[in-house]
Amino acid sequence: MSGNSNNHRGTADRLAFASAALRSMWRRAEGKFALIVLALWLAIALVSLIWTPQSLWATDGYHVWAAPSAAHWLGTDGTGADVFSWLMAGSRTNLLIVLLTVIVSAVWGLLLIAAMVTRNSALANTSVVVIDALISIPTVLIALILAVPLGASVAVIVIACGFGYGLNLARVARPAALLASRSAYVESALANGASGWQVLVSHIIPNIVPVLAVQLSLSAGTAVLAESGLTYLGIGVPSGVPSWGHSLATSVKLINVFPLTVLWPGLMVTVVVVALNVFGDVLRDAIDPVANPALRQTVVAAEKEDER
Amino acid sequence: MSVTVEGLSVVIADKPIVSGIDLNIADGERVGLIGSSGSGKSMISKAMLGLLPLNASVSGSVALGETQVIGAPERELAALRGSYVGTVFQNPAASLNPVMTVAQQIGLPLKLHYDLTTTERAERVAAMLGKVGLAEETANKYPHELSGGQQQRVGIATALITSPRFIIADEPTTALDSITQRQIVDLLTALVDDAGASMLFITHDFSVLARATTRCYVLESGRIVDSGATAEVLADPKTSESKRLVSAARILTLHSADLRNIKEDSHE
């Protein structure tokens with residue numbers, strides 16, 4: 001180890017770790033699919049902020065439900081607006097919803113996990129019972145109740161899904177978290193003076209990341225589906241705000257007459273949900289130092305480069 | 001640091017685990033605690049660290065130097081653990097965090113107790129790796145890439161990196177083969193003596209005990225049944241329990257001595 005390279009060791013190590021994990025994901029066919037779809041999604045969402053082929057509000061009463069053409073790549077909807085432009089703009093709403101839902105459910109789920117694995121057995125037992133009770137409330141019902149004060153809004157989807165998926169996350173991750181919290185390495189960390197909070201953040205959570213990655217990516221996929229469902233019910237994304245659920249909801253009424261218009265948003269949702277689920281699986285395999293030898297090799301390679 | 005335990009009793013769910021333990025370790029002394037499985041050895045080490053299960057009721061006194069452990073606030077105990085008291089664990093494969101590199105693992109007590117820069121920490125870890133006989137490249141490895149003996153060397157390095165005044169070694173050799181056991185015991189005692197620290201060496205193995213300690217206590221069903229200089233306890237156990245333990249150990253060691261003779265004969 002050369003002296004001056006050590007100053008940046010932490011950041012350099014983390015970068016090497018991330019790039020090795022990404023490369024391992026890319027090496028697998030399903031990993032390529034997931035990464036390409038998610039990268040396209042992000043790119044389209046960003047582009048839609050400044051440019052869409054047609055204005056969202058350019059309606060045309062003479063060309064409603066038009067078939068795909070040079071002017072309207074995916075045809076037009078019931079108001080004559082361009083379907084492609086609406087889907088492009090919708091991707092940013094869905095991206096926002098997915099990101100917020102994942103953050104909310106991760107924070108909420110980890111708090112519950114912390115309560116369930118604490119050394120205080122009264123709190124641990126109570127939280128298990130409370131979670132089992134809360135998990136029986138359907139997410140749709142929570143969304144319907146939230147819609148009373150909030151109206152149709154993105155917040156309804158994010159809070160309802162974040163709450164429900166956080167409970168799921170906590171329940172699914174509990175066995176792994178419990179195993180980690182009772183492990184000899186946690187005992188060792190405690191014997192070295194770590195506090196309960198430090199043990200949770202630096203020892204338990206890093207060891208349950210595989211479960212978290214899979215469960216959170218499932219939640220992300222389900223959030224896309226929930227957005228469509230709740231928007232269809234009229235309590236999700238408000239009308240006038242573009243989203244895939246909005247595109248589905250406005251076109252699905254005439255599915256027997258113009259099936260093609262429904263196909264595009266449906267396809268979009270399906271491909272993205274599959275990509276998110278696959279992403280979780282591939283991510284889990286890629287970030288585990290025990291399962292993925294590439295992670296160990298990069299550390300050594302980075303070390304060798306330092307020495308040069 | 002001298003350690004004094006007086007009348008220590010631990011009861012969990014109405015079941016007495018250890019009772020009336022009196023034990024003292026002078027400054028710089030290596031003391032053994034031996035007993036069969038389930039005799040309460042590990043509970044005593046947990047009580048010394050203040051890490052007993054929350055449903056355990058404790059009475060008596062455990063004094064680490066000037067500090068009374070029983071009833072001390074958690075913050076005070078956390079400051080003690082890892083800085084004044086180092087712990088070496090039984091199963092090195094399980095007591096190292098699988099997603100932390102060796103450097104992160106050894107640097108953990110430093111990170112928790114001292115305000116060092118990354119460079120300073122890396123330097124101390126590198127120096128410690130040398131002391132426990134591991135190559136510098138080991139720093140970037142994960143625990144599962146190491147052998148059992150190497151893993152326990154990492155465990156010892158973690159326990160000693162902050163130069164604690166008292167080391168608790170809770171069956172540090174049990175998970176290792178007999179040759180590695182001897183190397184680990186020798187390494188641990190040498191490092192502890194160099195640092196001038198005191199050590200409590202917990203084991204159920206008399207041959208390891210003789211190598212690691214000068215004085216020992218024999219624990220049976222949560223009570224101390226015998227104590228004295230390790231050599232004397234081994235040569236002349238006073239109570240029936242310690243006689244049983246020693247004779248069991250003697251059969252095993254005689255066995256291995258016989259085997260050694262056979263091996264040496266065949267070499268000649």
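Okay, let's start with the core: the largest nonpolar one has 143 residues, where a nonpolar core means buried Ala, Val, Leu, Ile, Met, Phe, Trp, Tyr and Cys residues joined through C-beta atoms within 7 Å. Buried here is 20 or more other C-beta atoms within 10 Å of a residue's own, with C-beta atoms placed from the backbone. Ile113(A), Ile157(A), Leu64(B), Ala157(B) and Ile167(B) have the most contacts inside it. Helix 3 of chain A, residues 83-117, is the top contributor, giving 15 residues; helices are DSSP runs of H or I, at least four residues, numbered from the N terminus. Over on chain B, domain 1 (3-84 + 164-267) and domain 2 (102-161) both supply residues, so this core lies between them. Those bounds come from an automatic or database domain assignment.

Quick caveat: this is a predicted model, with local features needing pLDDT of at least 70 and side-chain atom pairs pLDDT 80 or more, while totals for chains, interfaces and linings use all residues. Residues are numbered from 1 along each chain as its sequence is written, and chains are lettered from A and ligands numbered from 1 in the order written.

Back to Ile157(A): setting aside neighbours within four places in sequence, its contacts include Ile97(A), Ala143(A) and Leu230(A). Contact means C-beta atoms, placed from the backbone, within 7 Å.

Now, how do the two chains meet? Chain A puts in 29 residues and chain B 31. On the chain A side, helix 7 gives the most, six residues.

Terms used. Buried ≥ 20, exposed ≤ 12 C-beta atoms within 10 Å, placed from the backbone. Helix = DSSP H or I, 4+ residues; strand = E, 2+ residues; numbered from the N terminus. Contact = placed C-beta atoms within 7 Å.
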